[in-house]
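Colleague: I am new to this structure. Please pick the sheet and its surroundings, and take me through that part closely, residue by residue.

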Amino acid sequence: EGLRRAFNAAEAAALPDGWTCCKGFDGRNYYFNNVTKESRWAAPARGVLEDVLLALVETPPPPEVGGGGPEAATAAAAVGGGTEARRLRWAAEVHLRQVYDRASADLQTWSGPYPAGDGEGRSYYHCP
């Protein structure tokens with residue numbers, strides 16, 4: 001029941017910039033990104049929710065409290081709360097760390113900043 005509510009909320013969430021909800025020939029909603037020209041059946045926010053849920057399923061349980069070593073102590077301090085709350089917080093932390101690492105690696109290919117030359121002091125970056 002809780003997951004159904006979460007997915008319904010993701011479907012009803014405001015669309016990120018560039019996304020439009022369209023109606024297909026069969027009457028089903030689909031989503032189109034005006035910038036990237038991507039189209040999909042699931043709302044963009046739902047994709048993020050699916051990524052998080054997949055991370056929850058695939059992430060091993062957190063180190064046990066008092067299990068020894070600084071890693072266990074750091075994990076215990078970071079996730080606090082009951083067993084299920086600890087598991088969810090730990091999985092979210094692991095997922096967010098992976099997303100951050102991927103984004104950081106992707107940014108390594110960008111160069112800049114370069115002056116835009118528009119007289120307003122703005123800059124731009126280039127992604128090859």
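Modeller: Start with Asn33, which is buried, at a relative accessible area of 8%. Buried means under 20% relative accessible area, exposed over 50%, and partly exposed in between, with a 1.4 Å probe and protein chains only. This is a predicted model, so local features need pLDDT of at least 70 and side-chain atom pairs count only at pLDDT 80 or more, while totals for chains, interfaces and linings use all residues. Residues are numbered from 1 along each chain as its sequence is written, and side-chain values use heavy atoms, with hydrogens and water left out.

Asn33 belongs to strand 2, residues 29-33. Strands (E, at least two residues) and helices (H or I, at least four) are DSSP runs, numbered from the N terminus. What does the side chain of Asn33 reach? It reaches the backbone nitrogen of Thr36, at 3.0 Å. That is a polar contact: a pair of N or O atoms within 3.5 Å, where, within protein, one must be able to donate a hydrogen and the other to accept it, and residues adjacent in sequence count only if both atoms are side-chain atoms. Leaving aside residues up to four places away in sequence, Asn33 touches Gly18, Trp19 and Glu38. Contact here means heavy atoms within 4.5 Å.

Three strands form it, open, in the order 1-2-3, and the pairing is antiparallel. Strand 1 (19-23) and strand 3 are at the edges, each with a single partner, so one side of each has no neighbour in the sheet. Two strands pair if DSSP finds at least two bridges between them. Strands 2 and 3 are joined by 2 bridges, in the antiparallel sense. Phe32 has Ser39, in strand 3, as its bridge partner.

Between strand 2 and strand 3 (39-40) runs a loop, and Val35 lies in it. Val35 is exposed, with a relative accessible area of 65%.

A salt bridge is a side-chain nitrogen of Lys or Arg within 4 Å of a carboxyl oxygen of Asp or Glu. Side chains of opposite charge can pair when their charged atoms come close. Glu38 is partly exposed at 32%. Arg40 is partly exposed too, at 27%. Asp26 and Arg28 make another salt bridge, with their closest N and O atoms 4.0 Å apart. Arg28 counts as partly exposed, at 41% relative accessibility. How many salt bridges does the whole structure hold? A search finds 5.

Last, strand 1 and its cysteines. Strand 1 spans 19-23. Cys21 is partly exposed, at 38%, and Cys22 is partly exposed, at 21%. A disulfide is a pair of cysteine sulfur atoms within 2.5 Å. The structure holds 0 disulfides.
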